[in-house]
Amino acid sequence: MDEYKISLTPINLERGYNLYTCGDSIDNLFLVIHGGIKLTTSAHSGKECILDICRRGDILGALSLRPSVHEESATAMLDSHVLRINRRDFVRMLRSDPDLFQKWSQHLAQRIRERESTIKHLVTMKCEYRLAAILLHLSHRFAGRGSQWQHIDARITHDELAAMVGTTRSRIGFFLKNFTCRGLVKRLPDGTLLVNCDTVSDYLASDPNEEAPELQHTA
């Protein structure tokens, strides 16, 4: 059974520390055990764009299966615990375990669907709809699918939400205030959010490309 052993190295990251940075050589995968890791890239202007937020059970570094470099940085947004998985060990297991290969393929397909959805939102939705879609996605990622109100148990700043939506911090504050008034979200005393998944889903079901006026921001 030695041929099926895989090297797992535990890594503890405090909030704000990088797991890897853009341009680093890829030679490992990382399994998130606890906490939260944000994946970011930067425009030529230096403006940060958040590509995704990874939680327990997510695997980072899928491109390590081929020689390459990371095209994004991975930074702990919470105190986090991850396992580093040796690429060669993992490839060997994929080749020898059809069930693992199938699960890995399903994982990659799901991540591709999520990225395609993100791109669609950026291209077709107005800013406030993109924010609603992101909050719904994060509520599922952080809390799973269950009760109507779901808790995003990490304090995501307005700057971080702006980097995900592609707008300004002030507009994020305006949209969240409007969402609160409409019963889409609740802000808890610790700064985290509760998301009303049913109400947000109904909100997103309305056509954001209709001629209804976009929310006006006067700040």
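Lys-186 sits over the face of Trp-149, 4.5 Å from the ring centre; the criterion here is NZ of Lys or CZ of Arg within 6 Å of the ring centre and within 35 degrees of the ring normal. The model is a predicted one, so to speak of local features takes a pLDDT of at least 70 and side-chain atom pairs count only at pLDDT 80 or more, while totals for chains, interfaces and linings use all residues. Residues are numbered from 1 along each chain as its sequence is written, and side-chain values use heavy atoms, with hydrogens and water left out.

On to the rings. There are five aromatic pairs in the structure, a pair being rings of Phe, Tyr or Trp (its six-membered ring) with centres within 6.5 Å, called stacked with planes under 30 degrees apart, edge-to-face over 60 and tilted for the rest. Phe-174 and Phe-175 make a tilted pair, because their planes stand at 55° with the ring centres 6.0 Å apart. Phe-174 is partly exposed at 24% relative accessibility, whereas Phe-175 is buried at 0%. Those labels follow relative accessible area: buried is under 20%, exposed over 50% and partly exposed in between (1.4 Å probe, protein chains only). Elsewhere, ring pairs tie Tyr-129, Phe-179 and Tyr-203 into a cluster.

The chain's secondary structure amounts to six helices and eleven strands, taken as DSSP runs numbered from the N terminus (helices H or I, at least four residues; strands E, at least two). Of the 219 residues in the chain, 42% are buried. Helix α1 spans residues 87–96, and its buried residues are Arg-87, Asp-89, Phe-90, Val-91, Met-93 and Leu-94. Its N-terminal end is capped by Asn-86, with a side-chain oxygen 3.0 Å from the backbone nitrogen of Arg-88. Helix α4 (residues 158–165) has six of its eight residues buried, so the rest of the structure largely encloses it. The buried set in α4 is Glu-160, Leu-161, Ala-162, Ala-163, Met-164 and Val-165.

Helices α3 (residues 127–143) and α6 (residues 197–205) pack with axes that come within 10 Å and cross at roughly 145°. The axes are lines fitted to C-alpha atoms, for helices over the stretch in contact, and angles run from 0 to 180 degrees between N-to-C directions. On the α3 side, the residues that meet α6 include Tyr-129, Ala-132, Leu-136 and His-140; the α6 partners include Cys-197, Val-200, Tyr-203 and Leu-204. Contact means heavy atoms within 4.5 Å.

Strand β7 (residues 73–76) holds Thr-75, which is buried with a relative accessible area of 12%. Leaving out residues up to four places away in sequence, Thr-75 touches Gly-16, Tyr-17, Asn-18, Gly-36, Ile-37 and Lys-38.

Technical notes. Polar contact = N/O pair within 3.5 Å; in protein donor to acceptor, adjacent residues only side chain to side chain.
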